[in-house]
Amino acid sequence: MSERNEAGAGRPVLLRGGTVLPMEGARTVLEDTDVLVTGDRIAEVGPGLRAPDDALVIDATGGIVMPGMIDTHRHMWQTALRGYGADWTLTQYFVWFYLEHGKLFRPQDVHAGNVLAAIEALDAGVTTVVDWSHGLRTVEHADAAVDALRSVPGRYVLAYGNIQQPPAEWTAAPEFRDFVRRRITGDDLLGFQLAFDVLGDPAFPERAAFEVARELGVAVTTHAGVWGATSDEGIRLMHEHGFMTPETIYVHAASLSADSYHRIAATGGSVSVSTESEQSAGQGYPPTWALRAHGIPVSLSMDTSVWWSGDLFSAMRATLGADRSREHLEAHANGDTVTHAGLRADQVVEWATRGGARALGRDDLGVVAAGRKADLVLIKNDRSPVSFPVLNPFGHVAFQAQRGDVHTVLVNGRVVKHEHELVGVDLAAARRQVEDTVAYLRAEMGEEAWRQGMNPDIPETKILDNPYTYTDYRSDATHRL
């Protein structure tokens, strides 16, 4: 049996001689350091550790060992339509999923999307994903979502939602309570949240759903500050009724006022920033500049593979670019120049790891230290010219690395990717499920609707009037000479 096949067999694992990013202190880097994993925990971190006799020893020389990344907001059920909405606006997304074709998804289609999303997350070194699952029209859909998550060896949080019903209705349904009793059993690898939005109705109809969350002792995750959809009124209502807590995750928060940011900061909540989404769909400008100014904790997320990439390398890169671009534009507008970047590479790596752990209330994740959960990633690719030199490890992770450089991934001490290949994952079966879902949706929608949904109309454009009316600039320039 090959070493790769034995990798997931529950043996101790020693990552030997890597550059370790412990994420315990600002910019701390441990060079030529070993990480020993026994059971589901990190046993030791240090140079020259002794390997147990039965250990799987992985050469991490020249590579970077870091905590597994944590995505705090991903609509996993939509992954079977990867790339379908690449040219959508947020309005087109709402129409497609909320008003029209999202209602076609069967339980097996939710299952197919979740399986593929879970696999692609592990492949990219994302060891924990919050499944913002707002396609759960029935409990059968919810059961399918959980079955899918349990079939792939990662760590997940099911954020239960239903965009086809008001949250006060679906959270009050007896079958929802029965689902929670049956399926949410305190398993360390499957957390639970409620996922719904607050639309700003002065009557605050979402109050009943918040009370259910409080009764169940679970957090609420909500799309806040989405231009044209959720506004400062929603934040005000949550705050005045006492439902803003340190566990609350505000997704996007991209078009809020200073007053709303103050309320989030004062109540200890955090914001999940989906920079690729905010830049492209139009929720508002990615708000890290405002969150930093108000001292609000940040985590990162990818939103949905219907549009964007499914890895946090892209999220880190996009977030740095958006934050720095705004900083430069504001300085230039004032006739000034930025001489020192406000957001640094180590900060976005922290947001992608420990920031996500804090948002989920998991102080045992997001850190490489003895006693913490063994959710780890080794970034190493000896076949790539981009793998060396590693001079600034945080900068390398944020700007140079990509999913193809993820050599080894551990979740809860189990090796789930080794030597660039997934372990214990049936990719062929996942492909068959997704192909079935695509074929079903395409047939149900009809070919014309399918193509129209994927290729929305291009708006008319106007060519600007040009005040320069030379008919032949070349001959005119020659004449002047």
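This is a predicted model: local features need pLDDT of at least 70, side-chain atom pairs count only at pLDDT 80 or more; totals for chains, interfaces and linings use all residues.
Two strands count as paired if DSSP finds at least two bridges between them.

View B. Strand β6 covers residues 69-74, and strand β7 covers residues 126-133. The two run parallel and are joined by 4 bridges. Is β6 mostly covered or mostly open? Mostly covered: 6 of its 6 residues are buried.

**View C. Strand β8 beside β7.** Here β7 and β8 pair in the parallel sense, over 6 bridges. Asp 131 has Leu 158 of β8 as its bridge partner. In β8, Arg 155, Val 157 and Ala 159 point one way. Tyr 156, Leu 158 and Tyr 160 point the other way. Both sets are buried.

View D. Val 130 lies in strand β7. Its relative accessibility is 0%, so Val 130 counts as buried; the cut-off is under 20%. Which residues does Val 130 touch, not counting those up to four places away in sequence? They are Asp 71, Thr 72, His 73, Arg 74, Val 157, Ala 159, Gln 193 and Leu 360. Val 115 is 15 residues from Val 130 along the chain, and their C-alpha atoms are separated by 14 Å.

**View E. Strands β9 and β10.** Strand β9 (residues 190-195) and strand β10 (residues 219-224) run parallel. They are joined by 3 bridges. Leu 194 stands opposite Val 220 in β10.

**View G. The packing of α8 on α9.** Helix α8 (residues 232-240) packs with helix α9 (residues 258-267) at an angle of about 35°. Their axes are 9 Å apart. The crossing of α8 and α9 is left-handed. On the α8 side, the contact is made by Asp 232, Ile 235, Arg 236, His 239 and Glu 240. On the α9 side, it is made by Ser 260, Arg 263, Ile 264 and Thr 267. By class, the contact has 2 nonpolar, 3 polar and 4 charged residues.

View H. Helix α14 spans residues 393-400. Of its 8 residues, 6 are buried, so the helix is largely enclosed by the rest of the structure. The buried residues are Pro 393, Phe 394, Gly 395, His 396, Val 397 and Ala 398. They pack against β1 (13-20), β5 (64-67), α12, α13 and β14 (376-379).

View I. The model has 26 aromatic pairs. What makes the pair Trp 88 and Phe 97 edge-to-face? The ring centres of Trp 88 and Phe 97 are 6.1 Å apart and the planes lie at 80°, so the pair is edge-to-face. The cut-off for that class is over 60 degrees. Both Trp 88 and Phe 97 are buried. They belong to one aromatic cluster, whose members include Trp 77, Tyr 84, Tyr 93, Phe 94, Trp 96, Tyr 98 and Phe 105. Trp 307, Trp 308 and Trp 450 are also among them.

**View J. Backbone exceptions in loops.** Most residues other than glycine have a negative phi, and most peptide bonds are trans. The peptide bond from Phe 388 to Pro 389 is cis, with omega near -10°. Pro 389 lies in the loop between β14 and α14. Asn 412 is not a glycine, yet has a positive phi of about 60°. Asn 412 sits in the loop between β15 (406-411) and β16 (414-418). His 420, also not a glycine, has a positive phi of about 70°. Its place is the loop between β16 and β17 (421-422).

Key:
Residues are numbered from 1 along each chain as its sequence is written. Side-chain values use heavy atoms; hydrogens and water are left out. Axes are lines fitted to C-alpha atoms, for helices over the stretch in contact, and angles run from 0 to 180 degrees between N-to-C directions. A crossing is left-handed if the near helix is turned anticlockwise from the far one by less than a right angle, and right-handed if clockwise. Contact means heavy atoms within 4.5 Å. Ala, Val, Leu, Ile, Met, Phe, Trp, Tyr, Cys and Pro count as nonpolar, Asp, Glu, Lys and Arg as charged, and the others, Gly among them, as polar. Buried means under 20% relative accessible area, exposed over 50%, partly exposed in between (1.4 Å probe, protein chains only). Rings of Phe, Tyr and Trp (its six-membered ring) pair if their centres lie within 6.5 Å; planes under 30 degrees apart count as stacked, over 60 as edge-to-face and the rest as tilted.
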